[in-house]
Amino acid sequence: MIRLLRTYLRPYAAQLAVVLVLLLVGAIGNLYLPDLNGDIINNGVVKGDTDYIVRVGALMLVITVIVGLAAIASVYLSSLIANAFARDVRSAVFSTVETFGQVEVNQFGPASLITRNTNDVQQVQQLVFVALTVVVSAPILIVGGIFMALRTDVPLSGLLVVVLPLMALVIGLVMSRAIPLFRATQAKLDRINQVMRETLAGVRVIRAFVRTRHEEARFETASLDLYDTQLRAGRLFALTQPVIFAIFNLSTVAAIWFGAIRVQNGGLSIGDLTAFLQYLSQILFAVLTAVFVFILVPRAAVSAGRIIEVLDTAPSIHDPDEPVVPDPAGPERGIVEFSGVEFRYPGAQEPVLHGISFRAEPGRTTAIVGSTGSGKSTLINLIPRFYDATSGRILVDGVDIKTMDREDLWAQIGVIPQKAFLFGGTVASNLRFGKADATDEELWHALDIAQGRDFVSEMDGGLEAPITQGGSNVSGGQRQRLAIARAVVKDAPIYIFDDSFSALDFATDARLRAALERELGRATVIIVAQRVGTILNADQIIVMDSGRIVGSGTHRQLLETNETYREIVYSQLSEEEAVA
Amino acid sequence: MSGRPGADGPGAPVFRPGTAGPGGPGGRPMGPGGGRGPGMMGLGMGLPPAKADDFRGSLRRLFGTLGPERPLIVLVVLLAIVSVTFNVIGPKILGEAINLIVEGELGKQILGSGATQQEAIDTARAQGQKQLADMLSGMQLNAGGIDFGALAGLLGVLVAVYVISSIFGWIQGWIMAGVTQRTVLKLRADVDRKLGRLPLRYFDSHPRGDLLSRVTNDIDNIGQSLQQSLTQLITSLLTIVGVLILMLTISPLLAVISLLAVPASLAVTILIVRRSQQQFVAQWASTGALNGHVEEMHTGHSIVKAFGRQREAIEVFDRENERLFDASRRAQFISGIIQPAMTFISNLNYVAIAVIGGLQVAAGQLSIGDVVAFIQYSRQFTFPIIQTASIVNVLQSAVASAERVFELLDESEESADPVHAVPLDAPVGAVRFEDVSFRYLPEQPLIDDLSLDVSAGATVAIVGPTGAGKTTLVNLLMRFYELDAGRITIDGIDTRDVTRDDLRRSFGMVLQDTWLFNGTIRENIAYGRLDATDVELRAAAEAAHVDHFVRTLPDGYDTVIDDDATNLSAGEKQLLTISRAFLADPPILILDEATSSVDTRTEVLIQRAMAGLMHGRTTFVIAHRLSTIRDADTILVMDRGKIVEQGDHESLLARAGFYAELYESQFSEALAEAV
């Protein structure tokens, strides 16, 4: 936690210094005020000196105003610092997650990443703000109090030797018990987030299967779990405060008793005894305020740990230190080459892909077919480096993709994912995802290719029609076409279609593929397909089985030579066109 | 030392469990600082208009959620009365203990020097030390010095008072922790149940991340706030009352002056709160918005990357982040002003009491001791007021969060199931649409006057261009959305006359979007029917051809599917959802492009299994495959929300209408290209 604080508070060192000065002014003023209180009573009220009362009263008010202004200024700066700190940490967390590969995102789980970015940061922010208000006054009051107490009576000050460590012990005990509880609290908040997120994502299925109550039970389990932990933490703190107060009050009683003995023995005047009591109360009061800060520490410490965990996670896939910059005017544009590529998931025994070698060229369509689980999707996920090949090389335009900046790599690839995920916004904002400065004409052109012009122009607002999160307000087929248009707008030399036509009806599918062929003439197209019809006239068809390439060639070649391919084709096109 | 006689001297420690120091009660994000004065707690003070009405309403409602805990809260109040009483008594006993020491010490000095007490008093008076004389005359001087027996007795009582007070404080805190957490638990459950009753429209228009934020961040904030503030609020309010009573017994006039601090404090807090409440509302709203953005970006993580949009994602994030920063900074600052303002008022009040008290002493209307005691109590009086202000400040943040939660709870729900619902027991599955009209957006007509008659066991293929309303038809059938006009019947029963659960139980559905949850594969399949035996589960898995690939997984059916099911391919996910439908074994099937993501080899097997499943069941297929369409009993040709043609394949082709055209363009072209 200290590291997090140090790193992210450093930019505000100047403001922090000002806050400290302001707090110092406030603390001194606050130390002075009780003296004036006493003076008013002793020299004013007791003596009936109204002038004196008014005079000192006015002085008090002046000091109060100064202290108040200092307090307001320091609250202003403290809130600024604490919230700027939180803002910067949130920003750092988010930026870090944006560098993550899918592996790291899955490792934390999206739900947990969300909690860490908002709730956890909030916990630390609270601590920073509250700590800033006592960081100066508490030490000054404590040290000043101890000094004054010692000056008043050394033997009686011995009490402090007992009381202060006792309080420290209590605080330490509470902290050590609270930290595991709060660690559990945050983890259980993650769980709540996770269950709730699933419930929201699957609301249609849940209702279709009449499982609302089942989901409620699942949520309730998570919720009860959180309740248990928070209750235990709450009760722990319910005990802390009274114990601290008891120590506090009992030490006053002890001071009176021992003080009385010393008065009796003539070692202490009564005036000094009451003064000592005041200093004692001042010290303990300061300790108490510090305790209220300490109460926030365990949860904040746990949260800080969770934040640092994210910040410290180095993405397994990262850019090279000295990236090779592909030449945009180079002679070769869009050549994708796999050479002896193997991939296995971290910790998995068996590789998902072995010995994959092939070459996809511009102006040509490379189709990848194979049964479910044969590794098709995994294979194409390696091209944009969503995952890194565990051995072998993947070259784009002759450059190993691991030696390129990923931004440069991505700039060359238009991906149309299996699940056409749209973002909340408008049709246009989604289409411009790959090219922020695309003109409306470009968007319409892309929609023409993706067979989306008709439905978009019928939508209320056309290009500016709203799209809800995930694209839930358009049909599956429309979503897929928008995702395709999105990639087309990007105008990249390489297109990767991951089973991206599945939700389209045949006519649309056919028109779309015809248009793609026309428009993407010079591009390299890699298609993962389930429907054979989609890929029959691909220039190159790669047949996969159990993570290996078992054949490649054109439809006709494969039909003659490849058993696996034949099986796939006959299973689907049997009657209609068979061999054609 | 003169001037500090009797009662507790200035600064005598007065601490009560449950009341906090200046750091604010455990400090919430808003830290020290105030909020509304106690008048807001329902004492009926004048309130600022508009915004604050929401505040008051939401606050009342927030306290209303504590309703079931009322007996315990009453108990806590009773306990608090005891501990507050003890705390008000504590300083008095402390004062007496100091008096004992003073008596002993002075007794030793005065009596020890051979004088009597009366002589000492006279001497003092003669020397003009009126006050000392007064003091001495009120004392029981003890020649033997301090009476340790009596002192021990007093201190013993004091120890007992403090210990009991602390124990009571502990019990209060212990009970209140339960009260708070149960309330929060209930709130979470309420929200979750509410989400189960909201119409699907609601989910279409609200970002998931914002809803998530309400369940986690907002409810968590409410919990933390209540936990910190409730006990302290009770104690502080009681202390104010207790001290006020003591002050009234000493000097009604000065008590009234002290009381003036209350409306002044209130005015200031209202002024400040009026501004800060908006900021708190903004703070939690932007927390939700930020959460929404984060959720969306993390969900679409790889798309964001593939399109090189991290920079923009970060830009949007920074914008939302800046907004949150601004709102919470302001909330914290504006509410933070309350503390210095309160201190100023309390000091002003203090000086006023000192001046007026001094004048009264001079006029002989009040004894010095009384004024001194009074000043002490006025100190004790302002402290809990400042405290209450800072608690209300914490509550302010909680109320802003509560408003967001209540807003969700107040959304209009799906219409309730009919009270006397017609049971829908094993329907044969005859489905009728009668003049059905529906639109998602009022200004965008979608389905108008649609009528359709499907006999039990028939297969209906729905075809038409994308966006023709095919999915909508299914949504209406399942009553995910309510009809604008017309009715849908099953076996002649209006679907609105049966419970939604009964209705949906008679449907088996495979949706375009596969949905799996974090759990094992077994759990995910069993979702179709929770009481299914292992044998049935296996049978369903085999029918959907899931069994094979599941068994190749290292953990088989116990393989855990992660958050976004990224460890399964789309085809595998689809197969799992199909097996789920197999297991559910319903009388009516809805296949929404069900098999489109399954690879070709598997697909054939599935189609065969489907054929078996469809046998004897009413089936609606949103069809893309020629074979499905041709084998259907009825083909519904939809265009722009209307059924434009209806019939079987041959008759529709013969009619040479929209279907024939569609068929021509779709399949001949597809075939031509395939060749």
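User: What makes the contact between the side chains of Asp210(B) and Arg404(B) a salt bridge?

Analyst: First, keep in mind that this is a predicted model. The cut-off is a Lys or Arg side-chain nitrogen within 4 Å of an Asp or Glu carboxyl oxygen. For Asp210(B) and Arg404(B), the N to O value is 3.1 Å, so the pair qualifies. The two residues link distant parts of the chain: Asp210(B) is in helix α7 (residues 208-250) of chain B and Arg404(B) in helix α12 (residues 368-409) of chain B, 194 residues apart.

User: Which other Asp forms a salt bridge with Arg404(B)?

Analyst: That's Asp218(B), with the closest N and O atoms 2.7 Å apart. Here too helix α7 of chain B is linked to helix α12 of chain B, and the partners are 186 residues apart. As background, side chains of opposite charge can pair when their charged atoms come close.

User: How do you know whether Asp218(B) is buried or exposed?

Analyst: Buried means under 20% relative accessible area. Asp218(B) comes out at 0%, so it counts as buried. Arg404(B) has 8%, so it is buried as well, and Asp210(B) is also buried.

User: What joins Arg432(B), Glu434(B), Asp453(B), Arg487(B), Asp494(B) and Arg496(B) into one network?

Analyst: Salt bridges that share partners do that. Over all chains, the structure holds 33 salt bridges.

User: Which salt bridge involves Lys188(A)?

Analyst: The one with Asp225(A), at 3.8 Å from N to O. The limit is 4 Å, so this pair passes. Lys188(A) lies in helix α7 (residues 154-201) of chain A and Asp225(A) in helix α9 (residues 212-264) of chain A, so the bridge ties together parts that are 37 residues apart in sequence.

User: Why is Asp225(A) called partly exposed?

Analyst: Its relative accessibility is 36%.

User: Where does Arg385(A) lie, and what makes it buried?

Analyst: Arg385(A) is in the loop between α11 (376-382) and β4 (391-396) of chain A. Its relative accessible area is 4%, so it falls under the 20% limit. Beyond four places in sequence, its contacts include Ile317(A), His318(A), Met404(A) and Leu409(A).

User: Why is the link between the side chains of Arg385(A) and Asp388(A) called a polar contact?

Analyst: The pair is 2.8 Å apart. A polar contact needs N or O atoms within 3.5 Å, so the value passes.

User: Which residues touch the most other members of the largest nonpolar core?

Analyst: Phe338(A), Phe497(A) and Tyr565(A), in a core of 176 residues. Among the contacts of Tyr565(A) are Val369(A), Val532(A), Leu536(A) and Leu559(A). Apart from that core lies another, of 70 residues, including Val163(A), Phe245(A), Ile93(B) and Leu154(B).

User: What makes β2 and β5 of chain B the edges of their sheet?

Analyst: The open sheet has the order β2-β1-β4-β5 (chain B), with antiparallel pairing. β2 (447-454) and β5 (493-494) each have a single partner strand, so one side of each is left without a neighbour in the sheet.

User: How many bridges join β1 to β4 in chain B?

Analyst: Five, between β1 (residues 431-438) and β4 (residues 485-490). Two strands pair if there are at least two bridges, so these two qualify. Val431(B) has Ile490(B) as its bridge partner in β4(B).

Key:
Residues are numbered from 1 along each chain as its sequence is written. Chains are lettered from A and ligands numbered from 1 in the order in which they are written. This is a predicted model: local features need pLDDT of at least 70, side-chain atom pairs count only at pLDDT 80 or more; totals for chains, interfaces and linings use all residues. Side-chain values use heavy atoms; hydrogens and water are left out. Helices (H or I, at least four residues) and strands (E, at least two) are DSSP runs, numbered from the N terminus. Buried means under 20% relative accessible area, exposed over 50%, partly exposed in between (1.4 Å probe, protein chains only). A polar contact is a pair of N or O atoms within 3.5 Å; within protein, one must be able to donate a hydrogen and the other to accept it, and residues adjacent in sequence count only if both atoms are side-chain atoms. Contact means heavy atoms within 4.5 Å. A nonpolar core is a set of buried Ala, Val, Leu, Ile, Met, Phe, Trp, Tyr and Cys residues joined through side-chain atoms within 4.5 Å.
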